[in-house]
Amino acid sequence: MADRALRGMRLGTQSLESTEHAELAERRDAHYDCPNGHVLTFPFSVEAEVPLSWECHCGSLALLRDGDRPEPKEEKAARTHWDMLLERRTIPELEELLEERLEYLRSMRASA
Ligand SMILES: [Zn+2]
């Protein structure tokens, strides 16, 4: 008796919801190439951010195929201390500073 009532309720609530609202978002396949020759394909929503790599079932890191990338983000090379230094000083300036420093060290050694 109770079982029948429950089942009836469940059917009733489901029938009111039509499948019209369950429209799927636009999708496209992203392909990942594993260094071991495996190809992984996943459907992603066009609005989703597609990861650039995916761990393959074999344990290797499969990389997103270039053509699938919507807008390849330009990887900005990490600036080193040397790069930052060069932004403030030119090579001749640095050479001059180095020479000054060396002269100072030489004089220190000479007086010691
Ligand atoms: Zn693999």
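This is a predicted model: local features need pLDDT of at least 70, side-chain atom pairs count only at pLDDT 80 or more; totals for chains, interfaces and linings use all residues.
The zinc ion is held by four residues. C34, C56 and C58 each coordinate through SG, and H38 coordinates through ND1. The distances run from 1.9 to 2.3 Å. Along the chain, the donors follow the spacing C-x3-H-x17-C-x1-C. The angles subtended by the four donor atoms range from 104 to 115 degrees, so the arrangement is tetrahedral. That class requires all angles to lie between 85 and 135 degrees.

C34 is buried, at 7% relative accessible area. C56 is buried as well, at 4%. H38 has a relative accessibility of 27% and is partly exposed. The cut-off for buried is under 20%. As for cysteine pairs, the count of disulfides is zero.

Charged pairs come next. Side chains of opposite charge can pair when their charged atoms come close. The model contains three salt bridges. One of them joins R65 to D33, with the closest N and O atoms 2.9 Å apart. R65 sits in the loop between β4 and α2, whereas D33 belongs to strand β1 (residues 27-33), so this pair ties together parts that are 32 residues apart in sequence. R65 is partly exposed, with a relative accessible area of 34%. D33 is also partly exposed, at 29%.

A further salt bridge links E87 and R79, where the closest N and O atoms are 2.7 Å apart. E87 is exposed, at 55% relative accessible area. R79 is partly exposed, at 48%. E99 and R106 form another salt bridge, at 3.7 Å from N to O. Here E99 is partly exposed, with a value of 37%, and R106 is partly exposed, with a value of 48%.

The loop that holds R65 also holds D66; this loop runs between β4 (61-64) and α2 (81-88). D66 is exposed, at 57% relative accessibility. D66 and Y32 are 34 residues apart in sequence, and their C-alpha atoms are 9.2 Å apart in space.

The surface also carries a nonpolar patch. It is formed by L98, L102, Y104, L105 and M108. Together these residues have about 460 Å² of accessible area. M108 lies in helix α3 (residues 91-111). Its relative accessibility is 46%, so M108 counts as partly exposed.

Methods: Residues are numbered from 1 along each chain as its sequence is written. Side-chain values use heavy atoms; hydrogens and water are left out. Donors are N, O and S atoms within 2.8 Å of the metal (3.2 Å for Na, K and Ca); water is not among the atoms, so sites may look incomplete. Four donors count as tetrahedral if all angles lie between 85 and 135 degrees; four count as square planar and six as octahedral if opposite donors are over 155 degrees apart and all others between 65 and 115; anything else is irregular. Buried means under 20% relative accessible area, exposed over 50%, partly exposed in between (1.4 Å probe, protein chains only). Patches are made of residues with over 30% relative accessible area and no salt bridge: like charges are joined within 9 Å, nonpolar side chains (Val, Leu, Ile, Met, Phe, Trp, Tyr) within 5 Å. Accessible areas come from the Shrake-Rupley method with a 1.4 Å probe; for residues, only the protein chains shown count as cover. A salt bridge is a side-chain nitrogen of Lys or Arg within 4 Å of a carboxyl oxygen of Asp or Glu. Helices (H or I, at least four residues) and strands (E, at least two) are DSSP runs, numbered from the N terminus. A disulfide is a pair of cysteine sulfur atoms within 2.5 Å.
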